[in-house]
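Dear colleague,

I am handing over the structure below, and would be glad if you could read the notes that follow alongside it.

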Amino acid sequence: MMWIVAGISVVVAVAVAIAGLSWPRFRPHLSTPTLLVAGVSMAVTLAHVAGVGRLTPAADVLGLVESLALMVLVGLVVRYVPSRRAVLSAPAAGLAVAVWVLRVFAPASLLEGVGVCAFWGLGALVAAAGGGYLRFLDVRQERAVADGRLALRLRLAGDLHDYLAHDISEMVAHAQAGQVTGDPLALARVEAAGQRALSMLDRTLDMLHHDRPLAPGGDLDGIRAAAERFSAAGPAPVHLRMDPALVVPPETAALAHRIVIEGLTNIRRHAPRAGRVDLSVRASSGALEITMTNDGVVRAPNTRHGGSGLPALTSLVQAQRGELIAEAVSGGWSLTARLPLAHSPEWSPASSSQTTRKVSAAPSA
């Protein structure tokens, strides 16, 4: 009778192990079957040791197969089963593996029996260590994917904030100017700004749908166009000083364009009485320097929550080892950025460290 129970225990242990290896949906639910298999295995072993029933010599080979199947289950439980359930079933299976050797070995003393069981249980410990390591790799991969998605969401949020806020604020400015002056071109300018906003949305959605990398969103020509549109919307003209022959890497040009867009948006939102905007873009000492000043800020607005505007821009500038300084100046506000040009040995940040600096009271769109 005992050998029948032992045979059933072997078959069930092997079947559960095979199911765990080949059926991913079953793996998180291995705790209960593993606990039952371990319980039956230990019961057979204890019955053999207590002399309640004796196993035939042929059962030794089957018992070895059962022990190996339990080791596999230990590894699978540690890797796939939720921790609260694995805490009970994995040690139970490991204990069943350790005491199985008592079916074929009769220790002379209790100490010898404990030593033999501990040695045989090393197989279960190795299986648990392997399962734990693979579980750690899975968790690390999940965190890396989550961090990547978070970084992508933040970048998309920054792009939509910077460019859409600029285009929408421009639409509002043109609409207000058209109401006051009756300019017939106001509606056409509003339409153009709306088309740019829709284009930005289309580009973002296309990237998301087709899993394409997010390409730089602007260049130096975009700075000239943004300055012209801002001047046309009034009332503060932009006096741009930029060498037409200036050439910088695409990533640096895109970030410079973004800085200018953010600065102009802040002026439109927080300095509606500005009468003049001075914008300078030039290469100096291995860096691209962007300087924007206006004469319309009388106090620093409160910084908005959510990491948008200048706070998000600060992180982007820091990623390129640049500097961003936003501060009040005599009669207005100043935004200054220095971006290192790629592979330039002349670049040296003005501050004592390579981190990006930003005055805490800087306005943010």
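**Helix α9 and its neighbour**

Helix α9 has 21 residues and reaches 30 Å from its first C-alpha to its last, close to the 30 Å expected at 1.5 Å a residue (the expected span being 1.5 Å times one less than the number of residues). This is a predicted model, in which local features need pLDDT of at least 70 and side-chain atom pairs count only at pLDDT 80 or more, while totals for chains, interfaces and linings use all residues. Residues are numbered from 1 along each chain as its sequence is written, and side-chain values use heavy atoms, with hydrogens and water left out.

The contact (heavy atoms within 4.5 Å) is made by L255, R258, I259, E262 and N266 of α9 and by L310, L313, L316 and V317 of α10. These residues divide into six nonpolar, one polar and two charged.

For the chain as a whole, the secondary structure comes to 10 helices and five strands (DSSP runs of H or I with at least four residues, and of E with at least two). Buried residues make up 43% of the 365 residues in the chain.

Best regards

Technical notes: Ala, Val, Leu, Ile, Met, Phe, Trp, Tyr, Cys and Pro count as nonpolar, Asp, Glu, Lys and Arg as charged, and the others, Gly among them, as polar. Buried means under 20% relative accessible area, exposed over 50%, partly exposed in between (1.4 Å probe, protein chains only).
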